[in-house]
Amino acid sequence: MQKKLSTIIFLQLRQRTGLDISGYIDYEDSLRLNSLQMIGCTNWQAIFEGRILLRPKHTDLSFYDWHSGSVYFNNTSNYDVMHMGISLLFKYKGDLKFIPVSVTDGPFKENVKRTAILSPLYGMVVLYDHIVRKAT
């Protein structure tokens, strides 16, 4: 809310069919849309209460359905989706810093703290925390 930290959540979920879906979620943008009660937004209260699981959607920053091969990229109020070669990057609109999603060394690795979590509920979860350099 104070625009000092921005977090992107990566989820890779196995569906009942045995195939995965994955996506990158702009946490602040998703929370804000929920508070405005936008149609189709993520129900964070139900997630925090454990009634439903967090799932990436076609409207998130990025979504990939491994079965159909469908890929979606969407800019949010905080991030623009960028490509550098074969790498996916997100550009934070507040300070114009690039957030790389790969674990390889690169010119923008200092812009983000990456935390990988193996969850029994979600499988692979990665949090990308970006400390905002300039308040917006």
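**Strands, cores and rings**

Reply: In this predicted model, Asp65 has Ser70 in E4 as its bridge partner.

Me: Why are E5 and E7 called edge strands?

Reply: E5 and strand E7 (98–100) each pair on one side only. They belong to an open sheet of three strands, ordered E5-E6-E7 with antiparallel pairing. On average, neighbouring strands of this sheet are turned by 35 degrees against each other, direction ignored. Between E6 and E7 there are three bridges, and Phe90 stands opposite Ile99 in E7.

Me: Why is Phe10 called buried?

Reply: Buried means a relative accessible area under 20%. Phe10 has a relative accessible area of 12%, so Phe10 is buried. Tyr24, at 11%, is buried by the same test.

Me: Why is Phe98 described as partly exposed?

Reply: The partly exposed class lies between buried, under 20%, and exposed, over 50%. Phe98 has a relative accessible area of 22%, so Phe98 is partly exposed.

Me: How many aromatic pairs does a search of the whole structure find?

Reply: The search finds ten aromatic pairs.

Me: What makes the pair of Phe10 and Tyr24 tilted?

Reply: Ring centres must lie within 6.5 Å for a pair, planes under 30 degrees apart count as stacked, and planes over 60 degrees apart count as edge-to-face. The centres of Phe10 and Tyr24 are 4.7 Å apart and their planes are at 45 degrees, so the pair is tilted. Phe10 lies in strand E1 and Tyr24 in strand E2 (residues 20–26), so the pair ties together parts that are 14 residues apart in sequence.

Me: How do you know that Phe98 and Phe108 form a tilted pair?

Reply: Their rings are 4.9 Å centre to centre, with 45 degrees between the planes. Those values fall within the 6.5 Å limit and between the 30 and 60 degree limits, so the pair is tilted. Phe98 lies in strand E7 and Phe108 in the loop between E7 and strand E8 (113–119), so the pair ties together parts that are ten residues apart in sequence.

Me: Which residues form one aromatic cluster?

Reply: The cluster is formed by Phe10, Tyr24, Tyr79, Phe90, Tyr92 and Tyr128.

Me: Which members of the largest nonpolar core touch the most other members?

Reply: Of its 15 residues, these are Ile8, Tyr24, Leu61, Tyr79, Phe90, Ile99 and Tyr128. Strands E1 (5–14), E5 (79–84), E6 (87–92) and E9 (123–131) each supply at least two residues of this core. E6 gives the most, with three residues. A second, separate core of eleven residues includes Leu11, Leu13, Trp44 and Val125.

Me: Why is Ser119 called buried?

Reply: Ser119, in strand E8, has a relative accessible area of 17%, which is under 20%, so Ser119 is buried. The side chain of Ser119 reaches the backbone nitrogen of Tyr122 at 3.1 Å, which is within the 3.5 Å limit for a polar contact.

Note on methods. Residues numbered from 1 in each chain as written. Predicted model: local features only at pLDDT ≥ 70, side-chain atom pairs only at ≥ 80, totals over all residues. Heavy atoms only, no water. Core = buried A, V, L, I, M, F, W, Y, C linked by side-chain atoms within 4.5 Å. Buried < 20%, exposed > 50% of the residue type's maximum accessible area, 1.4 Å probe, protein only. Helix = DSSP H or I, 4+ residues; strand = E, 2+ residues; numbered from the N terminus. Pairing = 2+ DSSP bridges. Axes fitted to C-alpha atoms, helices over the stretch in contact; angles between N-to-C directions. Phe/Tyr/Trp six-rings, centres within 6.5 Å; stacked < 30°, edge-to-face > 60°. Polar contact = N/O pair within 3.5 Å; in protein donor to acceptor, adjacent residues only side chain to side chain.
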